[in-house]
Amino acid sequence: MLRSLAATVRTAASPVNAARPRATAAAASLGASVSHRRWVSSSVLSAATAAPDASAPVTADSDTFPRFPGALNSQYTSHLALIQQEGVLPTYRVLDKDGELVDASQDPHVDQAWCVNAYQHMLTLNAMDLILYEAQRQGRISFYMTSYGEEATHMGSAAALSADDVVLGQYREAGVLMYRGFTIDEFMNQCYSNALDYGKGRQMPVHYGSAKHNFQTISSPLGTQLPQAVGVAYALKRAAKPNVAICYFGEGAASEGDFHAALNMASTTKAPVIFFCRNNGFAISTPVSDQYAGDGIAARGVGYGMATIRVDGNDVFAVYNATRAAREYAVRESKPVLVEAMTYRVSHHSTSDDSSAYRSKREVEDWKVRDNPVARFRKYMESRGWWDQAQEDAFKKDVRKRVLKSFAKAETVEKPALAELFTDVYEELTPILKQQQEELHELMKAHPDHYSTAGYKQ
């Protein structure tokens, strides 16, 4: 059983040494610490609660504590200072880049079957990404996004969740849905927008959704899932369910107003939601250096009074441990947690992007070699005799066949019926929708060469 995991933040009180602290097993070692001037440590992801509730008054002399409603626990000082953060939140990891345990106390103690399952899902995701990316380039689907370089964030976090937890993704979390049981056939049907697509062809490719897997349908507008996740989590809390909502987003989405509204709502309503940030270095073409001047996204969680941890997003065990600890804390304390997973987007943002316009190909190739999450996990498995080259070759050959089979099958399925353009908004079609439906039929009748329904379900 993994020992109690703790991250340490600093909360307003007395002066401390500003030197960057070291994570230790004695600190129960999720180890995230930040040094701020006039801040002291307080256990976060542990049996204790997170940072002290700023709204809870302390019993103290009014000459020391002014008791202003907006900051009840602040102390008077005669020292005038414009305070800035000193130090940087460390990044929690379990495996080094050679796949070796850094600290045996952080071993998640998962077995061979768990590791093989997670690793095979990584390879399956890679195989599907390659084929669908090429399909878009051939004009067979309209759009696609790959997940190269971010596989560990998918599998590590997904493995730590319950099937009854609710997932709200952004658009690069296909591996999470795959881990939860979404089949290759289902992925293909959605990307082809055919009649078997649960969205009935109304969404762009990669905008997946599955009620049976508790995976909310992805929407294109950036950041909308953030406040929605708070609402989902609050509903789970009101229903007294032992579950969480987990909301995935990129660091670029953290520049949206929805991010700040969501974190503030989650903190004040004490909603059991995990905000999972994939900080992959780029918001499409905008590097992080042009996105923020502070200490990444994790520092904002501390600012909103939220339990927070920064984790090596290329280390599947670190992501698993951190997400599991965050989930346990969110359920136990009924409070939100922010996880910032540091990674690198090896792929282009999407098929609409050419990343060579804003970063060198050499940089991308260096990352593939220097810190590949799939290779790191494979080294761990090989060192224990759980995987070898023969298994690697056989699985890759098999999974490619399975992906191509699903691909070919989805391509031949009819498109949804034209009537589906107007359904599923109201229980019965409104007069305006009926009028629009009639106008469409008249237009199609007048221009049959331009509006053929061949290949569509009748």
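**Calls and cut-offs in a predicted model**

Me: Where is Ile284 found?
Reply: Ile284 sits in the loop between β7 (282-283) and β8. Helices (H or I, at least four residues) and strands (E, at least two) are DSSP runs, numbered from the N terminus. The model is predicted: local features need pLDDT of at least 70, side-chain atom pairs count only at pLDDT 80 or more, and totals for chains, interfaces and linings use all residues. Residues are numbered from 1 along each chain as its sequence is written, and side-chain values use heavy atoms, with hydrogens and water left out.

Me: Why does Ile284 count as partly exposed?
Reply: Its relative accessibility is 43%. Buried means under 20% relative accessible area, exposed over 50%, and partly exposed in between (1.4 Å probe, protein chains only). Ile284 therefore counts as partly exposed.

Me: What is the phi of Ile284?
Reply: About 55°, a positive value, although Ile284 is not a glycine.

Me: Why does Ala240 count as exposed?
Reply: Ala240 has 66% relative accessibility, so it counts as exposed. Ala240 lies in the loop between α5 (225-238) and β5 (245-250). Phi of Ala240 is positive too, near 60°, in a residue other than glycine.

Me: Why does Pro287 count as partly exposed?
Reply: At 25% relative accessibility, Pro287 counts as partly exposed. Pro287 belongs to strand β8 (residues 286-287).

Me: Which residues is Pro287 in contact with, leaving aside its neighbours within four places in sequence?
Reply: Gly281 and Phe282. Contact means heavy atoms within 4.5 Å. Pro287 and Tyr358 are 8.7 Å apart, C-alpha to C-alpha, and 71 residues apart in sequence.

Me: Why does Asn321 count as buried?
Reply: Asn321 has 0% relative accessibility, so it counts as buried. Asn321 belongs to helix α8 (residues 316-333).

Me: What does the side chain of Asn321 reach?
Reply: The backbone oxygen of Gln106, at 2.9 Å. A polar contact is a pair of N or O atoms within 3.5 Å; within protein, one must be able to donate a hydrogen and the other to accept it, and residues adjacent in sequence count only if both atoms are side-chain atoms. At 2.9 Å, the pair is therefore within the distance limit.

Me: Why are α1 and α4 called roughly parallel?
Reply: Helix α1 (residues 112-137) and helix α4 (residues 184-191) pack at about 25°, with axes 12 Å apart. Axes are lines fitted to C-alpha atoms, for helices over the stretch in contact, and angles run from 0 to 180 degrees between N-to-C directions. Under 35 degrees counts as roughly parallel, over 145 as roughly antiparallel, 65 to 115 as roughly perpendicular, and the rest as oblique. So α1 and α4 are roughly parallel.

Me: What makes up the contact of α1 with α4?
Reply: Thr124, Met128 and Leu132 of α1, and Ile184, Phe187, Met188 and Cys191 of α4. They divide into 6 nonpolar, 1 polar and no charged. Ala, Val, Leu, Ile, Met, Phe, Trp, Tyr, Cys and Pro count as nonpolar, Asp, Glu, Lys and Arg as charged, and the others, Gly among them, as polar.

Me: Why are α4 and α11 called oblique?
Reply: The axes of α4 and helix α11 (residues 389-412) cross at roughly 40° and come within 9 Å. α4 and α11 are therefore oblique to each other.

Me: How do the residues of the contact of α4 with α11 divide?
Reply: Into 5 nonpolar, 2 polar and 3 charged.
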